[in-house]
Amino acid sequence: MKNCVLPIFVILYFLAAHGQDSVAYHRLDRNYYLAHHDSLMAVYGINKTFEPGSELAGLAALTFYPELKNVSVTFRRHPIITTMSAVPHAEFMRYRKQDRSYFININNRKNFKGIRFDNLNFNQQVGVLGHELGHILYYTSKRSTGLFLFGLGYFFLDFRRNVEAHTDMTAISHELGWQLYEYAHSLSTDPNVSESYKRFKSRFYLNDNELLELVKQHQAKHTH
């Protein structure tokens with residue numbers, strides 16, 4: 001990777017780990033990322049501002065999205081209706097797409113009936129972050145007018161569901177499918193998640209069984 005400052009043994013680890021993810025279920029090793037925090041921050045922490053509690057999972061997810069290495073992203077607590085969301089800066093129309101900044105919102109709404117980011121395990125955190133980074137990757141490809149029209153379209157059910165499915169596929173193609181599946185499965189089976197929230201998620205998002213099938217298809221396609 002151009003301008004990569006990671007030691008060669010770290011690069012080899014990622015190549016091996018990512019290759020394994022594409023052919024078999026694999027849980028990311030939190031201790032590995034913790035041990036190599038400084039090296040990861042030097043490469044993947046460029047133009048990133050992390051909310052306390054999100055940094056390690058954020059860095060881990062970013063290793064799967066080298067395209068976003070220099071993109072400005074701020075992780076912040078915000079009262080939203082889902083576990084997380086990804087949005088461009090409110091003044092995105094004023095900037096060229098290469099100069100934009102983005103937010104990843106972490107839900108801090110009181111009485112939230114879903115799963116809070118802080119209550120997820122490391123693998124699940126990386127999975128849901130992989131989905132949000134997929135949104136940001138898409139945003140970086142759009143001109144300001146296209147991004148504005150996208151925002152309008154997001155209010156419509158079919159459009160929004162297609163967007164979320166496409167974003168899940170982006171995470172899967174970036175080898176974070178198993179992590180995303182584990183997050184979705186935890187949501188569908190957690191007794192503390194309200195039935196109304198599960199119904200809301202089912203309207204707009206692929207469920208865990210649908211994700212599992214897509215992950216298996218991707219796995220089979222990339223198995224040599």
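This is a tour of one predicted model, stop by stop, with what to select at each stop.

Because the model is predicted, local features need pLDDT of at least 70 and side-chain atom pairs count only at pLDDT 80 or more, while totals for chains, interfaces and linings use all residues. Residues are numbered from 1 along each chain as its sequence is written, and side-chain values use heavy atoms, with hydrogens and water left out.

**Whole chain**

Start with everything selected and coloured by secondary structure. The chain has ten helices and four strands; these are DSSP runs, helices being H or I of at least four residues and strands E of at least two, numbered from the N terminus. Read from the N terminus, the order of elements is α-α-α-β-α-β-β-β-α-α-α-α-α-α. Of the 224 residues, 50% count as buried (buried is under 20% relative accessible area, exposed over 50%, partly exposed in between, with a 1.4 Å probe and protein chains only). The accessible surface comes to about 11,500 Å², and carbon and sulfur atoms account for 55% of that surface (Shrake-Rupley method with a 1.4 Å probe; for residues, only the protein chains shown count as cover). Among contacts between residues at least 6 apart in sequence, 74% join residues at least 24 apart (a contact is heavy atoms within 4.5 Å).

**The sheet**

Select the strands next. They form an open sheet of four strands in the order β1-β2-β4-β3, with mixed pairing (two strands pair if DSSP finds at least two bridges between them). The edge strands are β1 and β3 (84–88), each of which pairs on one side only.

- Select residues 48–49 and 72–78. These are β1 and β2, which run parallel and are joined by two bridges. Thr 49 stands opposite Thr 74 in β2. From β1 the chain passes through helix α4 (residues 55–62) to β2, in a left-handed β-α-β crossover (right-handed would mean that, with the strands pointing away from the viewer, the path from the first strand over the helix to the second runs clockwise).
- Seven bridges hold β2 and β4 in the parallel sense. Along this pairing, Val 73 stands opposite Tyr 102, and Phe 75 stands opposite Ile 104.
- Five bridges join β3 to β4, and the two run antiparallel. Pro 88 stands opposite Tyr 102 in β4. Four of the five residues of β3 are buried.

**Aromatic rings**

Now show the side chains of Phe, Tyr and Trp. The structure holds twelve aromatic pairs (rings of Phe, Tyr and Trp, the last by its six-membered ring, pair if their centres lie within 6.5 Å; planes under 30 degrees apart count as stacked, over 60 as edge-to-face and the rest as tilted).

Zoom to Tyr 33 and Phe 122. Their ring centres are 5.8 Å apart and the planes meet at 45°, so the pair is tilted. It links distant parts of the chain: Tyr 33 is in helix α2 (residues 30–35) and Phe 122 in helix α5 (residues 122–140), 89 residues apart. Both Tyr 33 and Phe 122 are buried.

Move to Phe 200 and Phe 204, an edge-to-face pair with 5.4 Å centre to centre and 65° between the planes. Both lie in helix α9 (residues 195–204), four residues apart, about one turn of the helix. Phe 200 and Phe 204 are both buried.

Then select Tyr 102, Tyr 138, Tyr 139, Phe 150, Tyr 154 and Phe 159, which ring pairs link into a cluster.

**Arginines over rings**

Select Arg 76 with Phe 103: Arg 76 lies over the ring face, 3.8 Å from the ring centre (a charge sits over a ring if NZ of Lys or CZ of Arg is within 6 Å of the ring centre and within 35 degrees of the ring normal). Arg 160 lies over the face of Phe 204, at 4.1 Å from the ring centre.

**Helix α6 and Gly 153**

Finish at residues 144–153, helix α6. Its buried residues are Ser 144, Leu 147, Phe 150 and Gly 153, and they pack against β3, α5 and α7 (157–173). Centre on Gly 153, which counts as buried because its relative accessibility is 12%. Leaving out residues up to four places away in sequence, Gly 153 touches Phe 159 and Arg 160.
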